[in-house]
Amino acid sequence: TTFPFRERMQRLLLMVLVNQLKNEQSSKEGMQLSEDTRMRVPGVLPLIFKLLQVGDLVLRQHTLQDVYLLLSSSNANRGVFCGCVGWQNWLFALLADPENRAQAESGSVNVVQDLIMNIFKVITLHEFQESKTGWKTIERTLAYLHPYALRAVIDPVVVTRRLLV
């Protein structure tokens, strides 16, 4: 049995991530993300991404859009995200999800897959701009990709091409 990942849980975890969980009323109303919103409790990120694997595609899309907004609007948020060990694995696990792969293979527009690749691109670009060893991010990302490629659940050529273009 897997834990159900529902919209209320998603809102609560994102509120914890940005430290906006003040009271029961604020959790019912949700939160407003802006360019000034900062990731203050990064320890919740692994849980969010693990639960996304059991969430439905719509909830997955909304959560990834929120994460993408946080990452694309703040250098500090990108630094926090990069500081989390295994962030590449979180994203590859979502790409490898059978439901996500089935949608991609059907030829339909896969917003979730596009969001995941955009998150990869934002983080990779950040690492190249902010660190002299940004190339190591590519190296680590390819190392995380390797087990998925061996299991043939992710095409490494397609992913590498999308990362670098």
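A: First a term: a residue is buried under 20% relative accessible area, exposed over 50%, and partly exposed in between, using a 1.4 Å probe and protein chains only. By that rule Glu7 counts as exposed because its relative accessibility is 52%.

Q: What kind of model is this, and which atoms count for side chains?
A: The model is predicted, so local features need pLDDT of at least 70 and side-chain atom pairs count only at pLDDT 80 or more, while totals for chains, interfaces and linings use all residues. Residues are numbered from 1 along each chain as its sequence is written, and side-chain values use heavy atoms, with hydrogens and water left out.

Q: Back to Glu7. Which residue forms a salt bridge with Glu7?
A: Arg11 does, and the closest N and O atoms are 3.5 Å apart. A salt bridge here is a side-chain nitrogen of Lys or Arg within 4 Å of a carboxyl oxygen of Asp or Glu. Arg11 is partly exposed, because its relative accessibility is 22%.

Q: Where do Arg11 and Glu7 lie?
A: Both are in helix H1, residues 7-17, four residues apart, which is about one turn of the helix. Helices are DSSP runs (H or I, at least four residues), as are strands (E, at least two), and they are numbered from the N terminus.

Q: Why would four places apart work in a helix?
A: An α-helix has 3.6 residues a turn, so residues three or four places apart point the same way.

Q: How many salt bridges are there?
A: The structure holds three. Another is between Arg60 and Asp97, with the closest N and O atoms 3.1 Å apart. That pair links distant parts of the chain, 37 residues apart: Arg60 is in helix H4, and Asp97 is in the loop between H6 and helix H7 (98-105).

Q: Are Arg60 and Asp97 buried or exposed?
A: Both are buried.

Q: And what does Arg162 pair with?
A: Arg162 forms a salt bridge with Asp114, the closest N and O atoms being 2.7 Å apart. This pair also links distant parts of the chain, with Arg162 in helix H10 (residues 156-164) and Asp114 in helix H8, 48 residues apart. Arg162 is partly exposed at 26% relative accessible area, and Asp114 is partly exposed at 31%.

Q: New topic. How many aromatic pairs are there, and what is the rule?
A: Rings of Phe, Tyr and Trp (its six-membered ring) pair if their centres lie within 6.5 Å; planes under 30 degrees apart count as stacked, over 60 as edge-to-face and the rest as tilted. By this rule the count is seven. One of them is Phe49 with Trp90, which is stacked because the ring centres are 5.2 Å apart and the planes are at 20°.

Q: Which helices hold Phe49 and Trp90?
A: Phe49 is in helix H3 (residues 45-52) and Trp90 in helix H6 (residues 87-95), so the pair ties together parts that are 41 residues apart in sequence. Phe49 and Trp90 are both buried.

Q: What else does Trp90 pair with?
A: Phe81 and Trp90 form an edge-to-face pair, 5.7 Å centre to centre with 85° between the planes. Phe81 counts as buried because its relative accessibility is 0%. One aromatic cluster takes in Phe49, Phe81, Trp87, Trp90, Phe92, Phe120 and Tyr148.

Q: How much of H6 is buried?
A: Eight of its nine residues are, so to speak mostly covered.

Q: Which residues of H5 are buried?
A: In helix H5 (residues 75-82) they are Asn77, Arg78, Phe81 and Cys82. Seen down the axis of H5, they fall within an arc of 135° (the arc of the directions from the helix axis to the C-beta atoms), so they line one face of the helix.

Q: What do they pack against?
A: The buried residues of H5 pack against H3, helix H4 (57-73), H6 and helix H8 (111-130).

Q: Last one: what is Thr137 in contact with?
A: Leaving aside neighbours within four places in sequence, Thr137 is in contact (heavy atoms within 4.5 Å) with Trp87, Gln88, Thr124 and Glu127. Thr137 lies in helix H9, residues 135-150, and is buried, because its relative accessibility is 2%.
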